[in-house]
Amino acid sequence: MKNYEILELDLTKEYTLNVLPLKDLVFFPHMVVPLIVGRSQSIESVERAMRIDRMIFLVAQKDPTIEDVTAHDLYRFGVLGRILQIVRLPNNLLKVLVEGLVRGAVLSYRRQKGIIRTTITIPYTPVTQDDQLEALRRELISLFKTYIRLNEDLPEELLFSVNQMDDIEKVTDFVAGYLDLKLEEKQRILETYELEKRLTLLLSILNRENNILDLKSELDLKVRDQMMKTQRNYYLQEQLRVIREELGEEAEEGSDVAILRNKFKKKALPEEASKKVEEELVRLAKIPPLSPEYNVIRTFLEWILNLPWMEQTRDETSIQKAQKILDEDHYGLEKAKKRILEHIAVLQRVKQIKGPILCLAGPPGVGKTSLGKSIARALGRKFVRISLGGIHDEAEIRGHRRTYIGSMPGKIIQGMKKAGTVNPVFLLDEVDKINSDYHGDPASALLEVLDPEQNHSFIDHYLEVEYDLSKVFFVVTANNPDAIPEPLLDRMEVIELPGYLDYEKLAIAKQYLIPKQLELNGLKADELEITDDALNEIIVNYTLEAGVRNLEREISKICRQVVIQLSKAKKPKKIVVSKKNLSRYLGEPKYTASKFKGHKEIGVATGLAWTPFGGDLLRVEVNLIPGKDKLTLTGKLGEVMQESAMIAVDYIRSRFRKFKIDQNFTNKYEVHIHLPEGAVPKEGPSAGVTLTSGLISALKKQPLPADLAMTGEITLRGKVLAVGGLQEKLMAARRHGIKRIILPAENKPDVREMSKELLEGLELIFVKDYEQIFDLLFKK
């Protein structure tokens, strides 16, 4: 290899050179580096440079993953270099030894004959050697020495090389070349061609890198010390264990094994669980405490030993006392109270009976969850509650197997541990809101829990031993029992909790809600009085609900405003809230007495609907528009309700003589049926008679009575079939001031079970066939 001297370059001249793009490398002046060249355009560029003057422009790629490089992919600053040697390698590769000469700033790039060429200038600022530059040079060398000492990847020979350099330019480029930095940061150093600025930048970077390396060294030292300590402890523990085994001694007092074994001796366990604990204690004694498996076994043993296996509370068997507690906590809810008293009555005769599984179904705010607490109080049992809303993983019920990191028992076993007895009242809240996905179906896992024939041997995946749930009194709550899977629903005794009537809400407010809110807001009974007429006004015009949650919120709002009034008052006084001054506390009424009161309208019928939040009125509007063979249904109707509308149209056409309408009305009119509140989904067959009545009203141009509502499924033959949710529907009619209601005759047994207070003042008209409804509504 010949020795080539660095050329004397004219700094004012522009140079046109071939370009060699570099991947993941920023080339600095004064560097001599072998490069492996493999891309065809790079090989061509090097070979042409060799044929001319061996000069080439070395520049870094912005993105090293790009193979076919264009001008946009290259930085605008690089190094003018000279090719010293080329060696051809197998696989069409070149090994090129290149020496960096000076920095070059790109004026332009262009593609020429398959390679990239560039025109550059050489940026240069005259340097005056002074004391400040010398101080910067010495500081740079000092920091670089520290960097080499902290960085194990750099050889110490570099210290000798940097000490031999007198040229400050060479020192800065030499240091920059060996720093482990990102490509962008190295490029920034290359582009800083003014010496003093470059020195300052390098000093800043070296200080930062030295701090990082120093911290890394400290962390490495700590980790190494910890590992040595862990290994030493492990070695000593093993020695201690072997010595004890040789001497036949037990584990020392106070160890985890000894504590768990003492606890095991005092704990009454079933045979299977006792055998499992004994096996795991033997395993635990043989495993070093620092082993990951040690903590897994210890946690498992703690779970088994902390669970109640035989402990149980003594049931309260006094029916009178239980009745008193249930009446203290809740107004009404007679069906649920009756079932609890039946259970207590049986307990008096049969000391051991399987725990019942009750499903309390009803709209929000009627007291389902709080009734569970009352049941526990009446029976003298512990109470535990878990919410199932949104659960989508079977392991939430059955637990995770111990092979998983962080595994633990499911919610059922967790609840039993929390209760501390084997016979608590266990409330499973919102069971109708369980989801299922690829993790499994939690509802299916509940089948075993809620089956009296199976739950005496419930197996949690974590425990892997049978656990007896047969003594548990399970109470399940749901807003919509139809959303509960059929096999699961079949295992429950469903008790419907319908919404409250106005007089019941008044009694609940006076007996429970007002005293509760007075206490929560720090008021005394002699400081605030809410009259009955004010409470009735809140119930009718400020809340429209089946339960009493919003009623309690409005009472709470009144209490808070009264607290403000009393704090501003100069002397104590009693504030009376009546119907007259109610708007001062709650604003204007949110609801009118009924949104359906008004004049008769042609083509408008009033139906009754059931929702998970209670009953409601359903307004059906029918318009006839000149046209042909078109039925339009709007109002976000479900598939079943759309079919009910089609049945209504065909039924009317089949009875055209009876109804005295044109048989071919579909050839003359387009029928548009709309159910207001279009954003609310509506589904079910119970609107059949309402849809039929609205359509006949529009065809005969005869309005329907405004104070009458109806519900019932209709068939193609005009039969009126039974519907569900009747109690909620009648409550909605009563709430909206509807007095006359048409019902299917098949629903008579349901009506007989309803309270007299609900039916008082209502005129119920039972029908078997739609022609009875027609005679009632349209025959004069």
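**Close-up views of side-chain contacts**

**View 1. A cluster of aromatic rings.** Pairs between rings join Tyr651, Phe659, Tyr770, Phe774 and Phe778 into a cluster. The model shown in this and the following views is a predicted one, and the count of aromatic pairs in it comes to 12.

**View 2. A stacked pair formed by Phe144 and Tyr147.** A pair of aromatic rings is described by the distance of the centres and the angle of the planes. For Phe144 and Tyr147, which are stacked, the distance is 6.4 Å centre to centre and the angle between the planes is 15°. Both residues belong to helix H2 (residues 131-150), where they are three residues apart, about one turn of the helix. Phe144 is buried, and Tyr147 is buried as well.

**View 3. An edge-to-face pair formed by Trp309 and Tyr467.** The ring centres of Trp309 and Tyr467 are 5.0 Å apart and the planes stand at 65°, so the pair counts as edge-to-face. Trp309 is found in the loop between helix H9 (292-306) and helix H10 (319-329), whereas Tyr467 is found in strand E11 (residues 466-467), so the pair ties together parts that are 158 residues apart in sequence. Trp309 is buried, at a relative accessible area of 9%, and Tyr467 is buried too, at 1%.

**View 4. Charged ends over the rings of Phe300 and Trp303.** Over the ring of Phe300 sits the charged end of Arg402, 3.8 Å from the ring centre. Over the ring of Trp303 sits the charged end of Lys417, 4.2 Å from the ring centre.

View 5. Among the 43 salt bridges counted in the model is the one formed by Arg208 and Glu185, whose closest N and O atoms are 2.9 Å apart. Arg208 lies in helix H6 (residues 195-247) and Glu185 in helix H5 (residues 183-191), so this pair ties together parts that are 23 residues apart in sequence. Arg208 is partly exposed, with a relative accessibility of 34%, while Glu185, at 15%, is buried.

View 6. The side chains of Glu293 and Arg283 meet in a salt bridge at 2.2 Å, N to O. Because Glu293 lies in helix H9 and Arg283 in helix H8, the pair ties together parts that are 10 residues apart in sequence. Glu293 is partly exposed, at 36% relative accessible area, and Arg283 is likewise partly exposed, at 35%. Both residues belong to a network of salt bridges that links Lys276, Glu280, Arg283, Glu293, Arg402 and Glu464.

Methods: Residues are numbered from 1 along each chain as its sequence is written. This is a predicted model: local features need pLDDT of at least 70, side-chain atom pairs count only at pLDDT 80 or more; totals for chains, interfaces and linings use all residues. Side-chain values use heavy atoms; hydrogens and water are left out. Rings of Phe, Tyr and Trp (its six-membered ring) pair if their centres lie within 6.5 Å; planes under 30 degrees apart count as stacked, over 60 as edge-to-face and the rest as tilted. Helices (H or I, at least four residues) and strands (E, at least two) are DSSP runs, numbered from the N terminus. Buried means under 20% relative accessible area, exposed over 50%, partly exposed in between (1.4 Å probe, protein chains only). A charge sits over a ring if NZ of Lys or CZ of Arg is within 6 Å of the ring centre and within 35 degrees of the ring normal. A salt bridge is a side-chain nitrogen of Lys or Arg within 4 Å of a carboxyl oxygen of Asp or Glu.
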